[in-house]
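Load the model and keep the selection panel open. The stops follow below.

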Amino acid sequence: MMQQLSDWLTNTPVSQALAGTDWFVPAVQTVHILAIAAVLALLATLHARLLGLTTRAPSPLRLAATCLPGFWGALALLLLSGTLLVLAEPGRELMNPAFRVKMPLVALLAVLTLFLQRGLTRRHWHDSPGGRRLAGVLAAASALLCVAIVAAGRFIAYA
Amino acid sequence: MSIPGLMHVIEAQRYSMAIARSPWMFPALETVHVFALTLVVGSVGLIDLRLLGLSFRDRSVRELCASVLPWTWGAFAVAGSCGALLFSSKATLYYTNLPFRLKMLGLLLAALNMLVFHAITARNLHRWDQGVPPLAARLAGGISLTLWIAIVAAGRWIGFTT
């Protein structure tokens, strides 16, 4: 089914126009990398605080309020630029094993972050030892997920 | 020795040849390089946006720098070491590559911008630490953000021209 989708996309006028434009893929990849930079820096700021690696920083609740809206914005930009990259090179992405590993991991990161955000803002996890522990576990898991996602993304070029 | 001669010597080192011949070392180093550089650019970007008065306005510049910059330098050391190893594997090719040269120029300019900021602009930091930074500091933030975007773009273009 993925093969048929890929073949169909490849033959659409949009895909052919994008594939025929030399600068399009590197330019969109640049935007994609800059958005990854934003996601990683914003999540790292929050995660480092939740894991107790930075103590001078503001409270987890305030950090969640400053970092997470930016995170969701950058994630939306990643989905948009990623979709454009798939349109420009459907076969390179959709049929790629590294791409197929990467996408479920991205979905998992989004779910974990949503869970963490709700826990911090609605259930005030930072006020109880159990909540703080859970937030720390989620922060460590998302940090590992980020490493795996970036690695899978880079390996699309080699898989 | 001439610079092209030096590039040949770098390429002929045992570690350079090992990276060039291995099927997995170059992609693996590149993955670590990309991960580290996104942390560098992202963390520098947090400070640049604060200097521009666009985000983290409730945090003092000094406190933000103190909590972010150690991570930036750690990530920069990793990105730089991996970058140097990637360079060694195809030194001659990269040395003559225009996007590579532009990227190095961008890094140099970013370093100069940072030095000017710390040596001159930040001398009266105590006066605007909590508030909106003065024009010179906002300029430093804007220049830094622009340069880092250009550095990422030039870096990405290396892969399409070599």
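Which residues of α4(A) are buried? Select P60(A), L63(A), A64(A), C67(A), F71(A), A74(A), L78(A), S81(A), G82(A), L85(A), L87(A) and A88(A). Buried means 20 or more other C-beta atoms within 10 Å of a residue's own, with C-beta atoms placed from the backbone. Helices are DSSP runs of H or I, at least four residues, numbered from the N terminus.

This is a predicted model: local features need pLDDT of at least 70, side-chain atom pairs count only at pLDDT 80 or more, and totals for chains, interfaces and linings use all residues. Residues are numbered from 1 along each chain as its sequence is written, while chains are lettered from A and ligands numbered from 1 in the order written.

Stay on α4(A). Its buried residues pack against α1 (2-10), α2 (13-19), α3 (24-50), α5 (90-94), α6 and α7 of chain A. Now centre on C67(A). There α4(A) bends by about 30°, the angle between axes fitted to the seven residues ending there and the seven starting there. A proline, P69(A), follows within four residues.

Next, select residues 97-121 of chain A, helix α6. Pick out K102(A), L109(A), T113(A), L116(A) and L120(A), which are buried. Their cover includes α4 (60-88) and α7 (129-155) of chain A.

Finally, show both chains. The contact takes 24 residues from chain B and 23 residues from chain A; two residues are in contact if their C-beta atoms, placed from the backbone, lie within 7 Å. On the side of chain B that touches chain A, α3(B) gives the most, with 12 residues.

Technical notes. Helix = DSSP H or I, 4+ residues; strand = E, 2+ residues; numbered from the N terminus. Expected span 1.5 Å × (residues − 1). Buried ≥ 20, exposed ≤ 12 C-beta atoms within 10 Å, placed from the backbone.
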